[in-house]
Amino acid sequence: MTLIFDIGNTNIKTALFDGDQLVQEWRISTDLKRTGDEYFSLLRPLFRDAQIDYSNVKKVVLSSVVPALIGPFVIVSQHISGKKPLIIGPEIYGKFPLKLPETAVHEIGTDLYCDALEAWCRYKCPCIIADFGTALSFTAVDAKANIAGVAIAPGIRTAFNSLFANTAQIPAIPLDIPPTSLGKNTVVAVQSGIVLGYKGLVEGLISQMKKDLVKETCCHLEDIKVIATGGLNSMLQPITDAFDYVDKNLTLDGMKRIADIF
C-alpha cells in the first residue's frame, strides 16, 4: 500500500492506495503546533476505524506547502512504515517530463507541480489547472510539457472569512450561489459579491491565460484544456462552463504517479 500526505495550509489530505485503487481518504486540520507523535495519534484510530492495518503501508509520499510540517510527517512515516517518506520537491523534478522555468523551481508549490504533472500525463495537451484551496491557483502548461506560468489569488473561503473578520456588521452566512446578483439584503449581497465575483475572476483569468499561452508558446487555442481541482471547485461548477474537466483527486493522483517511479 502507498500512503500519501498532501499537506496544505488548511487541511492535510491523507490518501491510501492499494495498487492503483484509492481505498481510503481522510482530512485532518493543519496545525503547526502538533508534533509528529500527535499527528500519528490522530491517524492511528482512523486506520483502526477503517479496519486497515497500517503495517501494510510500504511507501509514504509527502507533499507540503507548509515547510514546518515536513519534519513531523517524517516522524509519522517512520511510525507507520518504518522508513522515511519520499518528499516531493525540486530534487526529484528532473525524473519527470514536466519542466519548470529556472526561476520557479524552488518557488512553485509541490501541490501545483503534482497537479500539472498529472494533467499533462493524462491529457498530453496544453492545459490550465485551477486548484481551489486556501489559495486559488492557476497553473498553465504548454504543448511541450513546460510550466508556462502560474497565477495565484486568495481562495474563495479565504476571501469569505476575511470579509467577516474585518467588518463589524456582516454576519456569518452560507456560502451559496445567490438567486440574483442584485442583493436586496446582506446575505444575497455578500453571496453575489463573493460567489459571482469569483465566477468572473475565474472565467476572466482563464480567458487571459489562454490568450497568453497562445501568444507566448504558439499553442493552438482550441487545444487548451482547463481542469478544475480542489475542494471548493464544486461551488462554481453549476454556474460556469470554464472547465473541461473536474477532478477533485488530481493532486493525489499526481503524487501517486510520482510514487510509482521510485
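Author: Start with one term: a contact means heavy atoms within 4.5 Å. Of the contacts in the protein chain with a separation of 6 or more, 55% are between residues 24 or more positions apart. Keep in mind that this is a predicted model.

Reader: OK. How many helices and strands does the protein chain have?

Author: Its secondary structure comes to seven helices and 10 strands. The radius of gyration is 20 Å, close to the 18 Å from the globule rule for 262 residues, so the chain is as compact as a globular protein of that length.

Reader: What does the C-alpha trace span along its principal axes?

Author: About 55 × 50 × 30 Å. As for burial, 47% of the 262 residues count as buried. The accessible surface is about 12700 Å², and 51% of that belongs to carbon and sulfur atoms.

Reader: Different topic. At what angle do helix 4 and helix 7 pack?

Author: Helix 4 (residues 110–123) and helix 7 (residues 250–261) pack at about 80°, and their axes are 8 Å apart. Angles of 65 to 115 degrees count as roughly perpendicular, so helix 4 is roughly perpendicular to helix 7.

Reader: Which residues make that contact?

Author: Among them are Asp111, Cys114 and Arg122 of helix 4, and Leu250, Thr251 and Met255 of helix 7. The residues of this contact divide into seven nonpolar, two polar and six charged.

Reader: I clicked on Asp6. Where is Asp6, and is it buried or exposed?

Author: Asp6 is in strand 1 (residues 2–7). With a relative accessible area of 6%, Asp6 is buried, since buried means under 20%.

Reader: What does Asp6 touch?

Author: Leaving out residues up to four places away in sequence, Asp6 touches Asn11, Ile12, Lys13, Ser63, Asp111, Thr251, Leu252 and Met255. Asp111, Thr251 and Met255 also take part in the contact of helix 4 with helix 7.

Reader: Now backbone angles. What is phi of Lys124?

Author: Phi of Lys124 is positive, about 50°, although Lys124 is not a glycine. Most residues other than glycine have a negative phi. Lys124 lies in the loop between helix 4 and strand 6 (127–132), and at 53% relative accessibility Lys124 counts as exposed.

Reader: And Ala145, what is its phi, and is it buried or exposed?

Author: Phi of Ala145 is near 65°, again a positive value in a residue other than glycine. Ala145 sits in the loop between strand 7 (135–141) and strand 8 (147–154). At 3% relative accessibility, Ala145 counts as buried.

Note on methods:
Residues are numbered from 1 along each chain as its sequence is written. This is a predicted model: local features need pLDDT of at least 70, side-chain atom pairs count only at pLDDT 80 or more; totals for chains, interfaces and linings use all residues. Side-chain values use heavy atoms; hydrogens and water are left out. Axes are lines fitted to C-alpha atoms, for helices over the stretch in contact, and angles run from 0 to 180 degrees between N-to-C directions. Helices (H or I, at least four residues) and strands (E, at least two) are DSSP runs, numbered from the N terminus. Angles under 35 degrees count as roughly parallel, over 145 as roughly antiparallel, 65 to 115 as roughly perpendicular and the rest as oblique. Ala, Val, Leu, Ile, Met, Phe, Trp, Tyr, Cys and Pro count as nonpolar, Asp, Glu, Lys and Arg as charged, and the others, Gly among them, as polar. The radius of gyration is taken over C-alpha atoms; the globule rule is 2.2 Å times the number of residues to the power 0.38. Buried means under 20% relative accessible area, exposed over 50%, partly exposed in between (1.4 Å probe, protein chains only). Accessible areas come from the Shrake-Rupley method with a 1.4 Å probe; for residues, only the protein chains shown count as cover.
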